[in-house]
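Please read them with the structure open.

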Amino acid sequence: MSLPAVVLELAAATVLLLYAVSLVKAGVEAASGDLVARSVGGGGSRPRAALYGCLVAIGLQSSTAVAMLAAGFAISGALALDVGLAVLLGADLGSALVVKILSFDLHWLAPLLVAVGGLLHLKTHKRKSVEAGRAVLGIGLLLLSLQMIGHATAPLAQSPLLPSAIAFIGKDGLTVMILAALFTWALHSSVAAILLILTFAAKGIVPLDVGIPLILGVNLGGGLIALWLTRGLPVEGRRLPLGNLIFRALFSVAAFILFSLHAPFAWLPGDTVAGKLVNLHVLFNAVLVLVGLVTCGPMARLVRLLTPEAAREGDLTAHASALDRALIDKPAQALAAAAREVLHMGNLITRMLEPVMTVIEAPTPEAVKALRRIDGDIHRAHSEIKLYIAAVNRGVLTEEQSARGIELTEAAIHLEYAGDVVAKSLLQMAEERLAGAGAFSQEGWRELTLLHAAVFSNVRLAANLLVSPDPVIAREMVRQKEHVRRLVEGSSKSHLERLRQGIAASIQSSDMHLEIVRALKEVNSLVTTMAYPRLRETGDLLESRLIPAA
């Protein structure tokens with residue numbers, strides 16, 4: 001095979017590998033996006049957070065995807081920094097385990113996965129089956145791409161040119177590590193980068209003394225990807241990938257120093273160079289998780305020192321506005337600033353909605369006043385955003401910028417309305433309870449808390465959508481709206497049945513129960529409208545639910 005043919009086949013196989021990884025990620029997110037989001041943002045202890053991060057990364061075959069989800073939860077205040085760092089460390093280990101699984105000889109499985117996944121994706125009608133088929137198809141294509149890479153690299157192993165070049169650069173391990181980090185960042189996939197290295201190692205092109213700095217470089221580059229993708233987010237979203245990168249960098253440097261001092265790495269388990277390298281990758285991330293679980297607290301403090309906040313920490317209402325009047329004549333920058341303020345509104349809504357059921361159940365005047373203060377901040381933010389975008393619109397905008405301005409204005413309006421619903425309806429219920437209104441029935445309260453949890457999940461998805469306008473998140477929000485609608489219908493029917501049975505607690509709290517249901521449903525509808533622009537762009541939104549007239 002000629003050199004141009006080898007290069008072309010290798011390039012095609014690499015692109016197929018990247019596409020397959022993205023296909024698996026999209027399929028898993030679409031099939032169980034809310035479960036994935038709840039796992040990443042669930043919080044809890046550091047070991048449990050690391051376990052969830054590991055499992056989600058295995059499902060998505062991407063630690064970067066987990067990092068982006070975690071950044072969104074950190075911005076909304078739902079994920080503490082030290083726990084979020086544990087999530088990312090677990091995700092790194094999950095990504096390494098994916099590579100370990102794929103390093104086995106699974107060529108016989110590829111045709112089966114492509115056939116089964118393709119049939120599920122093309123022939124089934126249930127959404128989860130279609131998206132599960134997409135994920136299975138992606139795994140099959142991934143295995144096929146590895147076979148293509150192996151086939152393309154076979155002639156290179158017999159050519160003296162590439163081995164000689166690798167032997168030459170292998171004399172400078174630091175350069176090899178830096179090049180591997182940059183290569184991984186350019187691919188935006190540490191899984192793909194590691195698999196390419198392992199394939200070359202399996203063909204005898206990459207020896208162990210070159211493979212070790214390559215593996216260390218890929219681990220370093222994997223941290224660069226998430227940091228780069230979150231560079232435009234608020235400081236809370238940038239802290240997690242920064243802390244993760246510092247962890248990876250410190251471990252990579254420590255391991256490289258051992259390598260430079262000629263510490264023996266031949267003890268690594270594995271019968272081949274490729275086997276030793278993949279085990280090094282898994283061991284690197286496993287030890288990093290164990291050390292990180294103990295040191296996430298100090299790392300969180302270090303990251304806060306490196307990325308100070310403009311506002312006072314701990315004050316929910318303190319906020320430095322991003323609406324810089326000097327940017328009015330620069331539409332792209334001005335709209336980005338407006339988007340940050342809309343995100344701030346979304347964060348305020350999550351902080352206002354999250355404790356509201358606890359406040360209704362056991363109200364105090366101080367808690368009600370604190371939530372009403374947040375509502376005042378939402379009103380001020382909405383007014384400032386509306387006037388700011390109006391000023392931007394007086395300039396010369398492209399059609400895309402004009403549409404973006406309208407979208408941000410509408411999002412701010414819907415968030416303000418949602419805040420009004422919480423303040424005028426749900427907080428009103430808390431004040432009635434303060435005044436001595438009757439308690440809810442046990443079954444009725446359980447229904448209300450389940451409904452609140454579903455609505456709050458959608459509000460958090462809306463905050464994530466503001467961070468990353470991904471159609472997958474938008475589709476999940478619309479699906480969650482349907483879930484909320486079913487909960488509302490079920491709760492209303494059950495409540496009426498309890499009234500028919502004459503249950504005293506249900507009779508006393510009937511008006512409050514129905515008002516809370518109505519308010520939560522309205523909040524859910526308002527935030528879901530923020531998903532519609534993304535779905536219109538992808539053609540996933542029906543114009544009408546009516547059956548066309550004959």
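1. Confidence. This is a predicted model, and the mean pLDDT of the protein chain is 81. Of its residues, 87% reach 70 or more. Among the elements, helix α12 (residues 273-306) has the highest mean pLDDT, at 91, while helix α7 (residues 161-169) has the lowest, at 67.

2. A stretch to treat with care. Over residues 311-317 the pLDDT is below 50. In the model this stretch still has nine contacts beyond near neighbours in sequence. Where pLDDT is low, the predicted coordinates should not be read in detail.

3. Overall make-up. The protein chain contains 21 helices and zero strands. It has 550 residues, and 51% of them count as buried. The accessible surface comes to about 24,900 Å², and carbon and sulfur atoms account for 64% of that surface.

4. Contacts along the chain. How much of the contact set with a separation of 6 or more comes from residues 24 or more positions apart? The share in the protein chain is 81%.

5. Helices α9 and α10. Helix α9 (residues 190-202) packs against helix α10 (residues 208-229) at an angle of about 165°, and their axes are 9 Å apart. Because the angle is over 145 degrees, α9 is roughly antiparallel to α10. The crossing of α9 past α10 is right-handed. On the α9 side the residues that meet α10 are S190, A193, I194 and I197; on the α10 side they are L214, I215, V218, G222 and I225.

6. Helices α13 and α17. Helix α13 (residues 331-353) and α17 pack with their axes 9 Å apart, at an angle of about 165°. That angle makes α13 roughly antiparallel to α17, and α13 passes α17 in a left-handed crossing. From α13, the contact is made by V342, L343, I349, T350 and L353. From α17, the residues are H452, V455, F456, V459, A463, L466 and V467.

7. Helices α17 and α18. Helix α17 (residues 442-467) also packs with helix α18 (residues 471-501), again at an angle of about 165°, but here the axes are 10 Å apart. How do α17 and α18 run, roughly parallel or roughly antiparallel? The angle is about 165°, and therefore α17 and α18 are roughly antiparallel to each other. Their crossing is left-handed.

8. Residue T538. T538 lies in helix α21 (residues 532-538). The relative accessibility of T538 is 35%, so T538 counts as partly exposed. Which spacing separates T538 from P471 in space? The C-alpha to C-alpha distance is 7.4 Å, although T538 and P471 are 67 residues apart in sequence.

9. Residue A20. A20 is found in helix α1 (residues 3-41). With 0% relative accessibility, A20 counts as buried. Apart from neighbours within four places in sequence, A20 is in contact with G138, L141 and L142. A20 and L144 are 124 residues apart in sequence, and their C-alpha atoms are 9.4 Å apart in space.

10. Residue S383. Helix α15 (residues 365-393) holds S383. S383 is partly exposed, with a relative accessible area of 32%, since this value lies between the 20% and 50% cut-offs. Along the chain S383 and A412 are 29 residues apart, and their C-alpha atoms are separated by 8.9 Å.

How values were computed
Residues are numbered from 1 along each chain as its sequence is written. This is a predicted model: local features need pLDDT of at least 70, side-chain atom pairs count only at pLDDT 80 or more; totals for chains, interfaces and linings use all residues. Side-chain values use heavy atoms; hydrogens and water are left out. pLDDT is the predictor's confidence in each residue, from 0 to 100. Helices (H or I, at least four residues) and strands (E, at least two) are DSSP runs, numbered from the N terminus. Contact means heavy atoms within 4.5 Å. Buried means under 20% relative accessible area, exposed over 50%, partly exposed in between (1.4 Å probe, protein chains only). Accessible areas come from the Shrake-Rupley method with a 1.4 Å probe; for residues, only the protein chains shown count as cover. Axes are lines fitted to C-alpha atoms, for helices over the stretch in contact, and angles run from 0 to 180 degrees between N-to-C directions. Angles under 35 degrees count as roughly parallel, over 145 as roughly antiparallel, 65 to 115 as roughly perpendicular and the rest as oblique. A crossing is left-handed if the near helix is turned anticlockwise from the far one by less than a right angle, and right-handed if clockwise.
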